[in-house]
Amino acid sequence: MKKRMNIGGRRISKNSVRGAAIALALLAAACTNTPDNKQVSLALPAAAQGEQPTATQREHARILASYGGAYDNARVQAEIEKTVDRLVAASERPDLRYKVTILNSPAINAFALPNGQLYITRGLVALANDKAEIASVLAHEMGHVIARHAAIREEQAKQAAMISHVVNDVLSDPQTGALALAKSKLTMAAFSRAQEFEADGIGVGMSARAGFDPFGASRFLTDMQRNAEIKAAGGNADPRALDFLSSHPATPERVQNALANARQFSGPGAGERDKADYLATLDGVIYGEDPSEGFARGRKFQHPKLGFTFTAPPGFSLDNTAQAVLGLKDGGGEALRLDVVSVPTEQTLPQYLRSGWMDNVDAASVEEFTVNGFPAATATATGEQWSFRLYAVRFGSDVYRFIFAAKSKSAAVDRTFRESVATFRRMSLKESEQVHPLRLKIVTVGANDTVESLAHRMAITDRQVERFRVINGLAANERVKPGEKLKIVVE
């Protein structure tokens, strides 16, 4: 959650919190080509005097803003660049040049721009367990560049936009128009899925020729799917739910495709993995959210940089995005959004709640009160499927805006929302100083260590054993071996 977001004057409709729940599911997606779901209004890098930023510079700035900026770790950066150099030498286009940016985000994601700019998140680097796995991801994204997929997709998008214009403005028969639009989307989706399979094939071949284990792709895709399932379990969402008409094949399909491609080059066990060396590179890497941008642990959200904290209602899980803190209750019947907006000091909070930034606000429900000494106001709003409880709290020069939503409104549910807002308070200096990021620590398995004993050493409170297995690529019944190197998460 960044402080300045370009949403202060945006009108929020009855579908907004439904969109928040979808955004939580989108966070489970693995590889995307453009992070369009997170656009943040931040200053662009300075161009030469008198010059306008290029389209590539603007896209680079948007990506950095959407994914927490660049992650500065010289050891990891050097390892990634060395891997890219090996892949380039073994690729079909050794003349192409690539630049890698590691993004300071816990998301599991990687993508590429047509000019060879590669992006890989800190979260993805942390999930990989050897050099072959990280090489498979980089090679896949380089495959998109080699096959010019981004340029082709841009042309497809233009065609779809033209079809949409015809549907909306020209065709008089709505059924015919809907059919034409559906066909255009199906064509784009099928083409995109074909692109993903093609990039997988290019990537596996490139990795194998570079001397890496070609089965790294299938291993990493499997771990990525297991990680998405753990993520989705907190919000009762199926991570595969968005695969239909998506730009990426379902992960099980890609695993089978990656295995088939790898078998064309060698059997399991051939090629370099170099697990111990790769894990040594990860020792001390930040795991999860960076506290400088705020972080959620369980129901509690803390932002030491902005100096506030709050606790979500019971049963909620939280996600901190670049635009807002999003929350979803088990079962999906309740949701929340917390963001920050600028409201003129001369405008009272009741006036702000009635100002029209959200549809169907009940003006008679507006009530003024205080939260731990800070001015606040609340109101209700209604939608077709959701009932909303809104709160605005003036904290320093900004206003923090809570939007709670429930499919089944009741006095008890409304009370939990109010109790949650009542936990909003200023963090003390001591509290802020004591907030530290979680980090990966590489340990050597001892003679008496088990999966359970190592998992319980981790500074994670939920699903410890499952998370330990996933971050270490261990199957459900696989045991740890004395002397091997593994990851744990520590404070």
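**Charged pairs, aromatic pairs and strand pairing**

Glu-133 is buried, at 2% relative accessibility. Here buried means under 20% relative accessible area, exposed over 50%, and partly exposed in between (1.4 Å probe, protein chains only). The model is predicted: local features need pLDDT of at least 70, side-chain atom pairs count only at pLDDT 80 or more, and totals for chains, interfaces and linings use all residues. Residues are numbered from 1 along each chain as its sequence is written, and side-chain values use heavy atoms, with hydrogens and water left out.

The partner of Glu-133 is Arg-219. The two form a salt bridge, with 3.3 Å between the closest N and O atoms. Helices (H or I, at least four residues) and strands (E, at least two) are DSSP runs, numbered from the N terminus. A salt bridge requires a side-chain nitrogen of Lys or Arg within 4 Å of a carboxyl oxygen of Asp or Glu. By this rule, the model contains 22 salt bridges.

Another salt bridge joins Arg-389 and Asp-414, whose closest N and O atoms are 2.9 Å apart. This pair also links distant parts of the chain. Arg-389 is in strand β13 (residues 387-395), Asp-414 is in helix α12 (residues 411-421), and 25 residues separate them. Arg-389 is buried, at a relative accessible area of 11%.

The salt bridge between Glu-466 and Arg-463 has its closest N and O atoms 3.3 Å apart. Glu-466 is partly exposed, at 39% relative accessibility. Arg-463 is partly exposed too, at 34%. Elsewhere, salt bridges with shared partners join Glu-79, Lys-82, Lys-131, Asp-274 and Asp-277 into one network.

Asp-339 lies in strand β10 (residues 334-341). Asp-339 is buried, with a relative accessible area of 0%. The side chain of Asp-339 makes a polar contact of 2.8 Å with that of Arg-337. A polar contact is a pair of N or O atoms within 3.5 Å; within protein, one must be able to donate a hydrogen and the other to accept it, and residues adjacent in sequence count only if both atoms are side-chain atoms.

Aromatic residues were examined next. The structure holds 18 aromatic pairs. In one of them, the rings of Tyr-67 and Phe-111 have a centre distance of 5.6 Å and planes at 50 degrees, so the pair is tilted. Rings of Phe, Tyr and Trp (its six-membered ring) pair if their centres lie within 6.5 Å; planes under 30 degrees apart count as stacked, over 60 as edge-to-face and the rest as tilted. Tyr-67 sits in the loop between α2 (55-66) and α3 (74-90), and Phe-111 in strand β2 (residues 110-112), so the pair ties together parts that are 44 residues apart in sequence. Tyr-67 is buried, at 5% relative accessibility. Phe-111 is buried at 0%.

Tyr-352 and Trp-357 form a stacked pair, with 5.4 Å from centre to centre and 15 degrees between the planes. Both residues are buried. One aromatic cluster includes Phe-301, Phe-308, Phe-310, Tyr-391, Tyr-400 and Phe-424.

Charges also sit over rings. The charged end of Arg-86 is placed over the ring of Phe-212, 3.9 Å from its centre. Arg-122 lies over the face of Tyr-71, with 5.6 Å to the ring centre. The rule asks for NZ of Lys or CZ of Arg within 6 Å of the ring centre and within 35 degrees of the ring normal.

Two strands pair if DSSP finds at least two bridges between them. Four strands form an open sheet in the order β5-β6-β7-β15, with antiparallel pairing. Its edge strands, β5 (295-297) and β15 (425-426), each pair on one side only. Three bridges connect β5 to strand β6 (residues 300-303) in the antiparallel sense. Phe-295 stands opposite Gln-302 in β6.

Strand β16 (residues 438-444) pairs with strand β4 (residues 286-287) in the antiparallel sense over two bridges. Arg-439 in β16 is the bridge partner of Ile-286. With strand β17 (residues 485-490), β16 forms six bridges, again antiparallel. Here Leu-440 has Val-489 in β17 as its bridge partner.
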